[in-house]
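This note is for a colleague who is looking at the structure for the first time. Please keep the sequence and the model open while reading the points.

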Amino acid sequence: MNLPNYFFADLPPDASFSPMLVLDACHTLRRNRERFLSPRSTTQMIRLLAALADNWTEPDFPFRKFLLAESPKETGFSPQTLASGLDSLFKSITIDSLTGLVRQELGHDLRLDEMRGSEETHTKSAMAVGPELMVHVTAGNLPSPGIVSIILGLLLRSAQFIKCSSDHPLALRLFAHSIYDADPKLGACLEVAAWKGGNQICEPPLFDQADIVTATGSDETLESIRRNVPSKTRIVSHGHKVSFAYLSRDAMSGYKVRRWAEGAATDVAAWDQQGCLSPHVIYVQEGGEVNAGKFAEMLADQLARLEQLEPRAPLPVQESAAIAARRSFYEVRASHSPDTLQWRSPESTAWTVVFENDPQFQISCLNRFIYVKPVLDLQHLLKHAELVREKVSTVGLAALDDEARLLAHQLARWGVSRVCRVGKMQTPPLAWRQDGRPVLTDLLRWCDWESGS
Amino acid sequence: MRTHRWTSLPEVAQQLRELIRDSMQGSQSPHCSAGARSDLVQRFDLLVVELFRLQFEANTAYRAFCEARGSAPGPITHWTQIPFLPVAAFKELDCTTLLEDQRTRVFHSSGTTRAKPSRHFHNEQSLESYEASILPWFKKHLLPDFDSWRGRLFGGPLEPPDFLILTPPPALCPNSSLAHMFEVVRREHAPTSSPFSGKIATDGSWSLNKPTIETALNQAVDFFRPLFILGTAFSFVELADHLLSGNKAVVLPAGSRALETGGYKGRSRSMPKHQLYSMITKTLGIPGNNIVSEYGMSELSSQAYDSTAAIGTEEPRQAPAVPRAARAFHFPPWTRSRIVSPEDGKEVLPGQIGILQVFDMANIFSVSALQTEDLAQRLDEGFELLGRAPLSEPRGCSLNQVETPR
């Protein structure tokens, strides 16, 4: 596939940027937005985005085919893992989910198009206005957060400048090209560039032009972005988060246990455990028919099976060395104590399951390295996860319905921002409130109209 | 093939000392015959089998590890077949053949202050093996010209070179194998007046006693006496920063040398090796070919060096400050090392990167076959160090812990 030289990211990797180039791009984006994007309606945008997402789920869609063919070299994921991740992502983007999102966030389908009152009062109306120019700073090689950012930006009719990771820019670049291909005028409201984060030549002028900056990354990255963003400009940032799963005693019996093991393996393997939604630890409540040790073994079987279907990507030696070193550590422990057990892929670091009879939350070295730990109950678990309390994103639950409601309530009180079933941790709905924050309303500006006399 | 079997670790220790002596006299000499070399290899191989058997029997922690891997001494005939114990085991277990009441000394490793440190237990006998291994390999790399040194400078007899050691004295840090090693080489090679110039803060961190250092530097310059400076990389950075900021850089007399060891571990700002070397040259006037890097750890008794100090004391000042690209580290002939792939544990090809494993014969009373947590690139001969595997030790969520040197 020959991609036209349309975005900065299409230039050779050694191309250099000047502040003037960045400024020019921003001015063009604003102009194009005014001409091509502002006039469109929410309904039009939703139809277009849903159709685009649908295309991306088609195996023959040229952009998808090209992306998968360039994997893992250009994406950091095996083609199978990437395909599975893209499917979950794009299947969640439909007319219904987009409409539902607007309704959830803005209270009315047309609030982005015109002044609208609420059901109760007709004297007070409001309209939501998206920013003219959004700048997204995306981190790492996980493409989904960047893709969702672009979709939300288009829904709000904002021009967007996407700064993606210099290691693996291809996925976002191709997504932008697919928009350009579907509707060149929309493509003209996007810019995609890849440079090493913290670039002092490009980033300050870029941030200076932005009406809003969205950023994902480590605390350090976010802090350095904040330093370069003018105080007048809003920043919506999402730092690194961790996730875990909890399997309650009542769910640990009968044929269902195998399904939970399959689900847990899916959660671990998705995106090679790189996302904030990836579990680090699977907690199993004691006293069920299947105990934590047995479940760990079942999980290992499932990870071995998944490795055949969706192999983990080859790793840089530093990362596989981290896994090897950690495995060594637990191998030593396991040789001395029945409280530690380890299952691992033979002749590779593809997957590792460590069972530890110690409820302390443990940060995984990722790339499909998962801990399984027994706990007495959810309170017992939370006590031992206190260190990461501020950092938890998602908790995967395996529990019977009545109990699940109660557990979700406790988790909400404790500080968790998303609770879902085990097996669904990596497939959040589009309207998922990341870090417990609104999806759209953090990005836009309201205008209230008091029309009453 | 010899058939003699040694029945105790002290006997193996005796054999090791002889092997060290013969290796240094034999294989190092250009006149050493192929026969003599192969004899040394044969003696090494024979000792390996015996040493593994004895360590397996007497070291419960190691034995359990080997058994979990399904390994036992019987079928082992070569060092590569022996299970390599991850050094992390020294944090968790008593990896020693010494009984509790025999453990008169313990060296702690670069652990974090909050995490458990490694513990390598010693007694008089094991320290003897340790020192037997330290001295000849240090001398070969730092003082290759020691025997002829005296008459060389200014034609007259001279005292041994002064050492300036940048760690605290062993009395203040009895658990530091590094301070112990420096004490061993100082006792052997330097006047007793050679100072240890490190001090220990209340939080356990090391820093430099600057007045002591300035005195030593000034004396070396004033009396035109070469100075050997031994310290960790981060202590050299601290020293260079101090000299630069106070405008106190010196040019030490020709023949001065520096030995730097062991990473930064978050202690002071870290920098690439060539930059560290330039800084040493710039602030102390020691040219790059008189700066030697050492690699060691508290879990090992032998060390690797990446070069030999330039012979002679009248080195040209214009000697390159920046070391040759990739100076290769070499362990002594009574050890073996290899770089294995973290994926499948097999030895990597030259040029590839993997995890460093060392079989250290001088670890008689603990475990000889050790897997480090260090990444290294295999070179045609020797290896280049690339640093520690990240996240090797699970640490919960605590970050930014202060590390203490080995």
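Predicted model: local features only at pLDDT ≥ 70, side-chain atom pairs only at ≥ 80, totals over all residues.

1. Chain A is divided into domain 1, covering residues 8-240, and domain 2, covering residues 242-421. The C-alpha centres of these two domains of chain A lie 32 Å apart. Their contact takes 12 residues from domain 1 of chain A and 12 residues from domain 2 of chain A. On the side of domain 1 of chain A that touches domain 2 of chain A, there are three nonpolar and nine polar residues, with no charged residues.

2. One open sheet of chain A has five strands in the order β5-β4-β3-β6-β7, with parallel pairing. Because β5 (190-194) and β7 (234-239) of chain A stand at the edges and have a single partner strand each, one side of each is left without a neighbour in the sheet. Neighbouring strands of this sheet are turned against each other by 15° on average, direction ignored.

3. Within this five-stranded sheet, five bridges pair strand β3 (residues 133-137) of chain A with strand β4 (residues 159-164) of chain A in the parallel sense. An example that can be located by eye is H136(A), whose bridge partner in β4(A) is I162(A).

4. Two helices of chain A can be described together with these strands. Helix α6 (residues 144-155) of chain A lies across β3, β4 and β6 (212-217) of chain A, and runs at about 170° to β4(A). Helix α7 (residues 170-182) of chain A lies across β4 and β5 of chain A, and runs at about 160° to β5(A).

5. Another open sheet of chain A has seven strands, ordered β10-β11-β12-β9-β8-β13-β14, and its pairing is mixed. Its edges are formed by β10 (340-344) and β14 (418-421) of chain A, each with a single partner strand, so one side of each is left without a neighbour in the sheet.

6. Which strand of chain A is joined to β8 (residues 242-247) by five bridges? That strand is β9 (residues 279-285) of chain A, and the two run parallel; in β9(A), V284(A) is the bridge partner of L247(A). Helix α13 (residues 317-334) of chain A packs on the sheet, where it touches β10, β11 (352-356) and β12 (369-375) of chain A, and its direction makes about 140° with that of β10(A).

7. Helix α12 (residues 292-309) of chain A has 18 residues and reaches 25 Å from its first C-alpha to its last, close to the 26 Å expected at 1.5 Å a residue. Buried residues of α12(A) include F295(A), L299(A), Q302(A), L303(A) and L306(A). The buried residues of this helix pack against α11 (256-269), β9, β10, β11 and β12 of chain A.

8. In chain B, helix α10 (residues 273-284) has 12 residues and reaches 16 Å from its first C-alpha to its last, close to the 16 Å expected at 1.5 Å a residue. Among its buried residues are L276(B), Y277(B), M279(B) and I280(B), and the buried residues of α10(B) pack against β7 (227-232), α9 (233-245), β8 (257-261) and β9 (291-295) of chain B. After α10(B) comes G285(B), whose phi is positive, near 75°.

9. Finally, 27 residues of chain A are in contact with 25 residues of chain B. The chain A side of this contact divides into 14 nonpolar, nine polar and four charged residues.

Notes:
Residues numbered from 1 in each chain as written. Chains lettered and ligands numbered in written order. Pairing = 2+ DSSP bridges. Helix = DSSP H or I, 4+ residues; strand = E, 2+ residues; numbered from the N terminus. Contact = placed C-beta atoms within 7 Å. Axes fitted to C-alpha atoms, helices over the stretch in contact; angles between N-to-C directions. Nonpolar A, V, L, I, M, F, W, Y, C, P; charged D, E, K, R; others polar. Expected span 1.5 Å × (residues − 1). Buried ≥ 20, exposed ≤ 12 C-beta atoms within 10 Å, placed from the backbone. Domains from an automatic or database assignment.
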